[in-house]
Amino acid sequence: MSGFFGTTAADTVAIWIAAIVTLIVLGALIGERRLFGWSQHLLAGLATGFLALIAVTEVIGPRLVQPLVADPTGRPELWAGVALVAAAAGAPWLPRQLSIVPASIAIGALAAFALGGAVIGTLLPQIDASIVRPGDSVATTVAGASAAVVTALVLIGFLHGRPRGRVLSSVAGAGRWLLIAGLGGWLGFLIVSRLILLVDRIGFLVGDWLGLSR
Amino acid sequence: MLLVVVLAIAWQAPDVGWLRDSTTDSEDAERMTSVLDALVDEPLVLIGFDADVGTYAEIRPTVRALLADLLARDGRLAFVSLTAEGRSLTSAELARLGRGEANPTRLLDLGFIPGAEAGLVDLTRDVRVGEGDDGVFAQEVEGAGIGAFDAILVIGGNDLGPRSWVEQVIPRIGDVPLITVTPTVLLPEVQPYLIGEQLAAGLITPRDGAAYRQSLELGNLERLVEPTEPRPLPVLVGMLIAVAVLGQTLASRTLGGVRSAGSRSVG
């Protein structure tokens with residue numbers, strides 16, 4: 001039982017709609033593509049509607065409009081926010097030089113925070129954690145050395161289009177095989193997650209919808 | 001379609017005694033329990049709820065058990081999301097806690113924060129509480145900001161998971177334990193942070209989650225967890241089918257290669 005539904009009439013209707021849409025999606029396995037296509041449109045429409053709802057009710061309303069209405073001169077930076085929202089909304093009709101400003105600021109800020117955080121929060125601490133120190137156990141030393149070797153091989157595997165000798169080519173090939181092995185392991189984890197999702201959907205149909213509890 | 005039918009039969013089949021998700025010696029489950037035990041009485045916990053709809057089914061029982069455990073420890077929980085998917089799941093879980101009659105004064109919905117990584121940084125400077133929330137918990141959080149919290153729990157699966165919190169939040173706020181529940185698919189990403197102790201504890205695999213759930217004694221808050229444990233049999237059957245399909249593909253390729261080599265040598 002998913003636990004997402006209560007016992008009211010609205011919940012019963014929601015269970016039926018969810019069950020019908022789940023059956024439509026599973027119906028694609030036996031070749032029913034038209035209804036499956038409609039269900040994809042339904043998902044895209046609902047997701048877009050939900051995003052718009054969040055943008056209006058949780059961002060633009062309380063963080064932009066309400067503070068401006070309460071005190072129009074108190075926070076001038078919010079007027080810049082209004083201008084950016086207007087430029088984003090009017091992008092199809094505005095000159096390109098103007099319409100790209102909001103997206104540029106968003107991408108620039110995102111890249112700056114992500115890169116800075118990756119260096120300070122991940123790269124430096126992880127390098128520090130993987131350095132082998134005197135007094136470490138043999139297992140830790142071997143694990144650290146293996147991690148360093150694998151990392152170096154995979155990084156070399158990314159060398160493309162450069163003049164190489166036979167040794168470097170072999171090392172790069174080993175790096176690429178290690179990368180593929182890593183991706184294979186990761187796909188294995190992904191199969192576990194997706195399989196559990198499928199079993200959960202079957203549990204929803206049998207348990208929540210049909211009421212056939214085990 | 002045959003797979004779905006087989007899995008449905010396996011879902012309905014009686015439990016197999018020797019097949020279970022949990023073990024009694026899960027180090028990660030014990031580590032999670034010790035981190036929670038070390039928290040102050042009535043801890044304030046900030047929950048970054050950004051699960052992914054496609055993987056939430058895997059961690060849902062553990063997430064619900066952990067929320068119930070925190071409430072059983074008289075914790076107060078503030079939920080925040082930085083992705084739309086996370087926000088939709090947060091709303092659903094808060095509604096479920098409401099139906100389960102969880103104490104509403106111990107729950108606070110901080111809503112959705114836009115801006116991805118920039119939003120996380122903003123959260124470390126200022127925690128905005130909705131206008132309708134004027135309880136003691138809300139006032140405490142509004143006054144002290146992120147410093148009010150004794151721990152941070154990240155429900156991962158989406159783009160903004162434990163890695164983003166480690167990178168953007170922890171360097172800015174210092175010594176607050178960061179714990180996480182994420183699906184198995186994030187194990188390669190999260191494991192280094194657990195080993196490097198940037199994450200205080202994490203429940204990542206179904207086995208760790210099951211071991212943690214088995215260790216709980218929630219009393220009357222049992223009503224907030226899932227009534228039945230996930231069934232390992234259908235997952236095992238599905239995995240065996242996946243391995244069989246993979247094996248069949250490999251075998252047919254190998255046989256094809258052998259045949260073409262044989263025909264070349266004859267020619």
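## Helix packing, sheet and chain contact

In this predicted model, helix α2 (residues 27-37) of chain B packs against helix α10 (residues 206-214) of chain B with the axes 8 Å apart and an angle of about 50° between them. Angles under 35 degrees count as roughly parallel and 65 to 115 as roughly perpendicular, and α2(B) and α10(B) are therefore oblique to each other. The crossing in which α2(B) passes α10(B) is right-handed. On the α2(B) side the contact is made by B:D28, B:A29 and B:M32, and on the α10(B) side by B:D208, B:A211 and B:Y212. By class, the residues of this contact are four nonpolar, no polar and two charged.

A helix pair in chain A can be described in the same terms. The axes of helix α3 (residues 77-89) of chain A and α4(A) come within 8 Å and cross at roughly 115°. Here α3(A) passes α4(A) in a left-handed crossing. From α3(A), the residues A:L84, A:A87 and A:A88 meet A:L98, A:S99, A:V101, A:P102 and A:I105 of α4(A). This contact of α3(A) with α4(A) divides into seven nonpolar residues, one polar and no charged.

| Helix pair | Crossing angle | Axis distance |
|---|---|---|
| α2(B) and α10(B) | about 50° | 8 Å |
| α3(A) and α4(A) | roughly 115° | within 8 Å |

Chain B also contains an open sheet of six strands in the order β3-β2-β1-β4-β5-β6, with parallel pairing. At the edges stand β3 (107-112) and β6 (201-203) of chain B; each has a single partner strand, so one side of each is left without a neighbour in the sheet. From one strand to the next the twist averages 15°.

The last topic is the contact between the chains. Chain A has 40 residues in contact with 46 residues of chain B. On the side of chain A that touches chain B, the elements giving two or more residues are α2 (33-70), α4 (96-130) and α6 (166-209) of chain A. Which of them gives the most? That element is α6(A), with 15 residues. The residues on this side of chain A comprise 29 nonpolar, eight polar and three charged.

Definitions and conventions. Residues numbered from 1 in each chain as written. Chains lettered and ligands numbered in written order. Predicted model: local features only at pLDDT ≥ 70, side-chain atom pairs only at ≥ 80, totals over all residues. Pairing = 2+ DSSP bridges. Helix = DSSP H or I, 4+ residues; strand = E, 2+ residues; numbered from the N terminus. Axes fitted to C-alpha atoms, helices over the stretch in contact; angles between N-to-C directions. Contact = placed C-beta atoms within 7 Å. Nonpolar A, V, L, I, M, F, W, Y, C, P; charged D, E, K, R; others polar. Left-handed = near helix turned anticlockwise from the far one by under 90°. Parallel < 35°, antiparallel > 145°, perpendicular 65-115°, else oblique.
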